[in-house]
Amino acid sequence: MVGEADDDAVFKKAAWRLVPFLGLLYFASFVDRVNVGFAALQMNADLGLSPEAYGFGAGIFFVTYAAFEVPSNLILERVGARRWIFRILVSWGVLSAATAFVWNDTSFYTLRFLLGAAEAGFLPGAIFYLSRWFPASMRGRIVGTFMAAVPFAGILGAPLSGAILGMNGFAGLAGWKWLFLIEGIPAALLGFAVLRYLPDGPADARWLSPAERDAISTRLKAEPEPDHHTVWPALKDPQVWALTLPYFGIVVTLYGVNFWLPQIVKPMGFSDFQTGLMVA
């Protein structure tokens, strides 16, 4: 029988194993989602994109991202987190890198549209996955630690993006093309790391002893059953819709800043790299 103190040690062990890795995946996700804001410093002129065309292309990502969010997570529950997160990472990494080869506004819109569908479901899928490992009393702390990847993506990703733009002309490619390639390909490679590193759940974790797996299973089975067992009752819940309102405001502000701030900062007289530092 595993005691309560041992339980804490088991969950701490699981957290150290899973949260940094999932945070790395979210870091890659966020960098690939907003690097278009830095690419715009060169890409808009090369492709002849007006501010309206750029804004439409940057925003069309969220049409498919929203449309496929729930279906993606339903599939994740059916096929297992490891295989579905692998699919998400590889498809979004490939499409993000492929954005380096867009040649006009239509191709830009198309790649951003497909990228939203490819990436849909990763964040809620990761949160759902963590719920299969940690009880409700720990979940807020665990998810908060995982989501700290977002500010780190800005702190590290912005200067990195600015530095990559400085490769403009290297090997005959524009800096913005290098930006999509260098920041997109690692996401696809991380997908293969998921297959090796991420178990579908505690029962499949070889790095846990049988007693440790039992401790997690016993603790989670003691949790109250969720009110919603299917999608539709959740969608009819007014509390769900009420929570979307503040989140809508957060997201509009967040992405408005990420997509446009580099274009606001650079005309102040900064280089691409300095712009990255200022944005960070």
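## A buried aspartate and its partner

At 12% relative accessibility, D272 falls in the buried class (buried is under 20% relative accessible area, exposed is over 50%, and partly exposed sits in between, with a 1.4 Å probe and protein chains only). D272 pairs up with K266 in a salt bridge, their closest N and O atoms lying 2.6 Å apart; the term stands for a side-chain nitrogen of Lys or Arg within 4 Å of a carboxyl oxygen of Asp or Glu. K266 itself counts as partly exposed, at 27% relative accessibility.

A quick word on the model: it is predicted, so local features need pLDDT of at least 70 and side-chain atom pairs count only at pLDDT 80 or more, while totals for chains, interfaces and linings use all residues. Residues are numbered from 1 along each chain as its sequence is written, and side-chain values use heavy atoms, leaving out hydrogens and water.

## Salt bridges across the chain

By that salt-bridge rule, the count is four. One of them joins the side chains of K13 and E212, at 3.1 Å from N to O. This pair ties together distant parts of the chain: K13 is in helix α1 (residues 4-34) and E212 is in helix α11 (residues 210-221), 199 residues apart. Helices here are DSSP runs (H or I, at least four residues), numbered from the N terminus. K13 is partly exposed at 34% relative accessible area, whereas E212, at 19%, counts as buried.

R139 and E223 also meet through their side chains, with 3.6 Å from N to O. Again the link is between distant parts of the chain, with R139 in helix α8 and E223 in the loop between α11 and α12, 84 residues apart. R139 is partly exposed at 24%, and E223 is partly exposed at 23%.

## How α7 and α8 pack

Helix α7 (residues 122-131) packs against helix α8 (residues 136-147) at about 145°, with the axes 10 Å apart. Those axes are lines fitted to C-alpha atoms over the stretch in contact, and angles run from 0 to 180 degrees between N-to-C directions. On the α7 side, the contact includes F122, L123 and I127, and on the α8 side it includes R139, I142 and F146 (contact means heavy atoms within 4.5 Å).

Helices α12 (231-236) and α13 (238-265) each give two or more residues to the patch. V240 sits in α13 and is partly exposed, at 31% relative accessible area.
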